[in-house]
There are 2 protein chains.
Amino acid sequence: MSLVPLWDSDIGSSTDNLPEIFSGFSPSEITRVMRCLGVRRRAFSPGEILAREGDISHAVVLLLQGTALVRRGDAEGNRHLIEVITASDVFGEEILWDPARRCQHTATATEQGVALMIDMQKILDPQGPLCELRSRVVENLLRIMGAKNRKLQEHLQVLAHKSLRARLLEFFTQHAAANQSTIFTLRLNRNELAEHLNADRAALSRELSRMKAEGLIDYHRNSFQLLR
Amino acid sequence: MSLVPLWDSDIGSSTDNLPEIFSGFSPSEITRVMRCLGVRRRAFSPGEILAREGDISHAVVLLLQGTALVRRGDAEGNRHLIEVITASDVFGEEILWDPARRCQHTATATEQGVALMIDMQKILDPQGPLCELRSRVVENLLRIMGAKNRKLQEHLQVLAHKSLRARLLEFFTQHAAANQSTIFTLRLNRNELAEHLNADRAALSRELSRMKAEGLIDYHRNSFQLLR
DNA sequence: GAAGGGGTGTTGCCGTGGCAACGGACAAGC
DNA sequence: GCTTGTCCGTTGCCACGGCAACACCCCTTC
C-alpha cells in the first residue's frame, strides 16, 4: 500500500479525467486544495480492501483509476452488492454525516488502480483552516451527492420489483439506457449480479435461461443483449 | 390550492422548526433568499398530490407542516412506498440533476399542511442572479442531501434482506434506534407498510402474527414493541 | 339499530425462487 | 497428459410468500 501526500505526485498533470470534486479547478488550485485538505494518494491491487464496514475513518475515497465493488453485510452473514465504482466515483461519503465516522460499506478493488483519500472534516466545518476554495469544493460535492443519490434510487427501483425477472429487466433497461445501446457487457459475474439483485445465483441462472428461451434477451457469459 | 409569493406570508416568524435549507439564516436573510429564489407557498389537504411522477417541474418541495407519502410506480402498476416526509423534509431534489427536470416520485399528502415550492435552478447556476447568500444555501442543501442519502441507504438495507421476517426486523430495529425506544407507533397502515417492505399485505399480517406468537414482537394496530 | 366502509386478521392454494448438489467449460500450472 | 480452481448451467426438493376470498372489528352515517 502506497500512501504519500498527493502534492508530491503528479496527479495534477492528468487533467483529462479530472475527478468531479475538482471540477472547474486549475492545476494550481487543485494543488492548493489538496494541501489544505491533506489529500493522500493510495495505489491498490485487485482484492485489496479500500475500506471496511465498521471502520472509523475521516477520509472519503475518490477513485482515480481502477474499479471496486461496494458491499454491505448483515448480522446473518449475507452480503449485498451495492454498486460498482470506477474512475472519478466517490465512496464512503456517508461518514460525513455520521457522528461516529463509521464506514457503512466495504469496498474491494477488482482492478489495479489509484485512489485519493480526502479528509472531509475541514470541508464541512465553515470555521476550518480551509482556503477560500472551500465553497467551490462544497458545490462540486453537492453535484457528486446528487449523482450518488440517483444511483441509490436506481438500485431501489430494481429491488422494488417482486419477481426476479422483473428485477433483471429493470436492471437491464437501466444499463441499456446508460449505455445508449441494448448490447452491453457487465463487469459483474453471476455471483455478484445475484448479490446485487438480492437473489440466488442458481435462481438467477435459471431465470436468465428462461428469458433467453422466451426470446426476451440473448447473452453469452457477460455479454448481454436486450431484445423486444 | 393556495399558491402565493412567500414573502407576503409570515413564515419567517416561526423560526422554531426552521427548515434545514435556511439553517443559520436570520429572518431578514430568509426573506432575501426567498425573494431571490422566488419561493412560493402552498397549502394542501389530505389526499392532495404535491407532485406527480413524470411531471416536469423546476421546483423542489420543502414541507413546513403536515405529512406526505412518497411513492414510485412501475410499468405494471405496482406501487412502492419510498418514504414518509414530514415537517422540514425535502422532496423532489432529484430534478436538480435531471436534465429533463422530470419528477421521479409521487408525493401524496396524508395530513393538512404547508409546503414551500423553491425554484432551484438559480441555486445551481453560479452565474445566476442570486445574492451572496447562495453559497450558504448550497451548503445547507449538501447536508440535506447527506440526510437523504442515509435514508436511502437505510431503505436499501431493509430491501436487501430476502425473507419478509428479516426485512421487518431490520425496519423495526431502525425505528427503535431512531426513536431511542423499543416501543413506537407507525404512521403507516398495513397496506403502506407492505408497500414499503416490498411485500403482500396478507403475507405481512401473517408474518406479524407468527412473530407475535414466537415472542419476537408485540403489537396492537399501529403500536409496536420490539422484544428480545 | 341497520347499513356501509375502511382497516386488519386468517386461511387455502400454488408458484416463484432459495438451497444444495452435481456436471461441464475453461484457464493456469505442473 | 493430469490436477486444481473458478465460473456457469441444471435440476430436484420444498418453503416462503403472493394471491384471492372471506371474516371480523371499529367507526360513521342515517
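Which of the 23 residues around DNA strand C come nearest? They are Ser163(A), Leu164(A), Arg190(B), Ser205(B) and Ser209(B). The model is predicted, with local features needing pLDDT of at least 70, side-chain atom pairs counting only at pLDDT 80 or more, and totals for chains, interfaces and linings using all residues. Residues are numbered from 1 along each chain as its sequence is written, chains are lettered from A and ligands numbered from 1 in the order in which they are written, and side-chain values use heavy atoms, with hydrogens and water left out.

**View 1. Surface near DNA strand C.** A residue is near a strand if one of its heavy atoms lies within 4 Å of it. This surface has eleven charged residues (Asp, Glu, Lys and Arg), six nonpolar ones (Ala, Val, Leu, Ile, Met, Phe, Trp, Tyr, Cys and Pro) and six polar ones (the others, Gly among them).

**View 2. Polar contacts of DNA strand C (pairs of N or O atoms within 3.5 Å).** Phosphate oxygens of DNA strand C lie 2.2 Å from a polar backbone atom of Leu164(A) and 2.9 Å from a polar side-chain atom of Ser205(B). A base oxygen of DNA strand C is 3.1 Å from a polar side-chain atom of Arg201(B).

**View 3. Polar contacts of DNA strand D.** For Arg190(A), a polar backbone atom is 2.8 Å from a phosphate oxygen of DNA strand D. The side chain of Arg206(B) has an N or O atom 3.0 Å from a base oxygen of DNA strand D.

Conventions:
Polar contact = N/O pair within 3.5 Å; in protein donor to acceptor, adjacent residues only side chain to side chain.
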